[in-house]
Amino acid sequence: MGEVIVVTSGKGGVGKTTTTANIGTGLAVMGNKVVLVDTDIGLRNLDVVMGLENRIVYDIVDVVTGNCRLKQALIKDKRFEDLFLLPAAQTKDKTAVSEEQMRELTQQLKEEFDYVIIDCPAGIEQGFKNAIAGAQRAIVVTTPEVAAVRDADRIIGLLEAALLAEPKLIVNRLRPSMVKKGDMMDIDDMIEILAIELLGVVPEDEAIVISTNKGEPAVLDKQSKAGEAYRNISKRITGEHVPLMNLEADGFFRRLRRLFGA
Amino acid sequence: MFEFIQRALGLKKDDPTASKNTAKERLRLVLVQDRASMSPATLEALKEDLIRVISEYMEIDQTGLEVSLSSEDESVALVCNIPILKLKRNAKEQETAS
C-alpha cells in the first residue's frame, strides 16, 4: 500500500507544480512506482512541466465521472517506466470533483503505486479541499517572502484542522547571496516563525527555467543545484537521512578570508 | 569605504537596517493578526453572552463594555474591560432560593 502526499502552498507561483514534478521524478529515479495527480482543474500545468502535454486523452474528471477507466487516463512518462501522470481537466472547474471522489481515487491509486503525489491548486477553496481529501502527508512549499510565508502559515493551520498533522516545509527559490547580505529571510527565520519541520531548501536556479522550457524535470540534471536539492528531498521522503547541502558558493572573498585565517 | 570592505569580507553582520529584519517584523505582525482572527460577529456574540452571565452577579455598564483579542509575541489573550455600576449582594443565593 502506497502513500498519498499533497504538495500545497496557499500562494500561487511559489513552485508547487515544479516541486511535484521534481520529487515525483526523483522518487521514480530511486526505483519507486509513482503517480502524479494534477488537481488544478481548469488551469492544468503539470503535464507541461513533465513534457507530457501531447499525450493527454482522458483526465481526472473523466475518471471520477466514470467516462473512462483509471488505467486509460494514466499517462506513462517518457523517461521512466514506473512514473505516471493523471492530468487535470482543462475545460471544467474545481467543483467538477468532490472530496469524496478524491478519497476514492487516491485509495485506488495507492493500491497500485508506492507514492501518489498530488499537485494542489493555489488558494484555500474547493480545489484545496479536494487535493488534501485523500492525503496522508502534506508538503508546504514557500519562498522567502512575507506574502508566501504568511500564506504558508494559513495553509499549515488548515492542514492541521483537517487532521493532516505535521506538514513538512520546502523553502524554494532561496538566494544564498541575498541571505548572506541580510536582504532575504534565512531558513531559521522561517522555521521559527512557522514552527514546522524542514524537508528541504531549493536554491534559485536558472536550470529550472531551462528544464521547464524543455519539459524535463531539473532533478535529472546532475549539474543543477536545484536538481541536487530535489534529489535530496526525494531521498528524505523515503526516510533516508540526508544533510542539507551547502548552498554558499565558494566565492572570492570567502577564500580570501580563509587565507587570512578569518 | 572601510565599511564596504568589512561588508565585502563578511565581517559585518546583523545590520539592523538589513531588509530581512523588516520582512521578519512585518511577517510577525501579520501572523499575529491572522492567527488571532475572530470575526466581528463572533466577538459581538461573545460580548452578549458575557453581559448575560455577568449581569447575574453585578450590574454593569453595557455601553462601556469592551471585549477584544490582544496578542503579544506568542500568546493571544481575551481582554475585557467591564465597568461595574453596582455589585449585587448574594446574587447566586437569591437565584437558588427563588
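Q: How do you know which way the residues of β2(A) point, and are they buried or exposed?
A: In this predicted model, A:V34, A:L36 and A:D38 point one way from β2(A), while A:V35 and A:V37 point the other way. Every one of these residues is buried.

Q: What makes β2(A) a partner of β4(A)?
A: Two strands pair if there are at least two bridges between them. Four bridges join β2(A) to strand β4 (residues 83-86) of chain A, so the pair qualifies, and the two run parallel. Look for A:L36, which stands opposite A:L85 in β4(A).

Q: How do you know that β2(A) also pairs with β5(A)?
A: Use the cut-off of at least two bridges again. Five bridges join β2(A) to strand β5 (residues 115-119) of chain A, so they count as paired, and they run parallel too. Here A:D38 stands opposite A:D119 in β5(A).

Q: In what order do the eight strands of the open sheet come?
A: In chain A the order is β3-β4-β2-β5-β1-β6-β7-β8, with mixed pairing.

Q: Why do β3 and β8 of chain A stand at the edges?
A: β3 (75-76) and β8 (197-203) each have a single partner strand, so one side of each has no neighbour in the sheet.

Q: What makes β6(A) a partner of both β1(A) and β7(A)?
A: Count the bridges. Strand β1 (residues 3-8) of chain A is joined to β6(A) by four bridges, running parallel, with A:V7 opposite A:I139 in β6(A). Strand β6 (residues 137-142) and strand β7 (residues 168-174) of chain A also pair over four bridges in the parallel sense, and there A:V141 stands opposite A:I170 in β7(A). The cut-off is at least two bridges, so both pairs pass. As for cover, five of the six residues of β6(A) are buried.

Q: Why is helix α6 of chain A called largely enclosed?
A: Six of the eight residues in α6 (residues 126-133) are buried, so the rest of the structure largely encloses this helix. The buried ones are A:G127, A:F128, A:N130, A:A131, A:I132 and A:A133. They pack against β1, α5 (99-112), β5 and α7 (146-161) of chain A.

Q: Why is A:G24 called buried?
A: The cut-off is under 20% relative accessible area. A:G24, found in helix α1 of chain A, has 0%, so A:G24 is buried.

Q: Which residues is A:G24 in contact with, beyond its neighbours within four places in sequence?
A: Those are A:T19, A:V34, A:L36, A:L83 and A:I117. Take A:I117: A:G24 and A:I117 are 93 residues apart along the chain, yet their C-alpha atoms are separated by 6.6 Å.

Q: What makes a space a cavity, and how many of 30 Å³ or more turn up here?
A: A cavity is a space where a 1.4 Å probe fits but cannot get out. A search of the whole structure finds one of 30 Å³ or more. The largest cavity has a volume of about 40 Å³. Its lining is A:T39, A:I41, A:I60, A:K94, A:V97, A:M102, A:G127 and A:N130, which splits into four nonpolar, three polar and one charged residues.

Q: Which residues lie nearest the centre of the second largest pocket?
A: They are A:G13, A:V14, A:G15, A:K16 and A:T18, out of 28 lining residues. This pocket has a volume of about 500 Å³. By class, the lining has 12 nonpolar, eight polar and eight charged residues. Elements supplying at least two lining residues each include α1 (16-29), β7 and β8 of chain A.

Conventions. Residues numbered from 1 in each chain as written. Chains lettered and ligands numbered in written order. Predicted model: local features only at pLDDT ≥ 70, side-chain atom pairs only at ≥ 80, totals over all residues. Heavy atoms only, no water. 1 Å grid on protein atoms, 1.4 Å probe; cavity = no way out; pocket = protein on both sides within 12 Å on 5 of 7 lines; lining within 4 Å. Points joined across faces, edges and corners; volume = space filled by probe spheres on them. Nonpolar A, V, L, I, M, F, W, Y, C, P; charged D, E, K, R; others polar. Buried < 20%, exposed > 50% of the residue type's maximum accessible area, 1.4 Å probe, protein only. Contact = heavy atoms within 4.5 Å.
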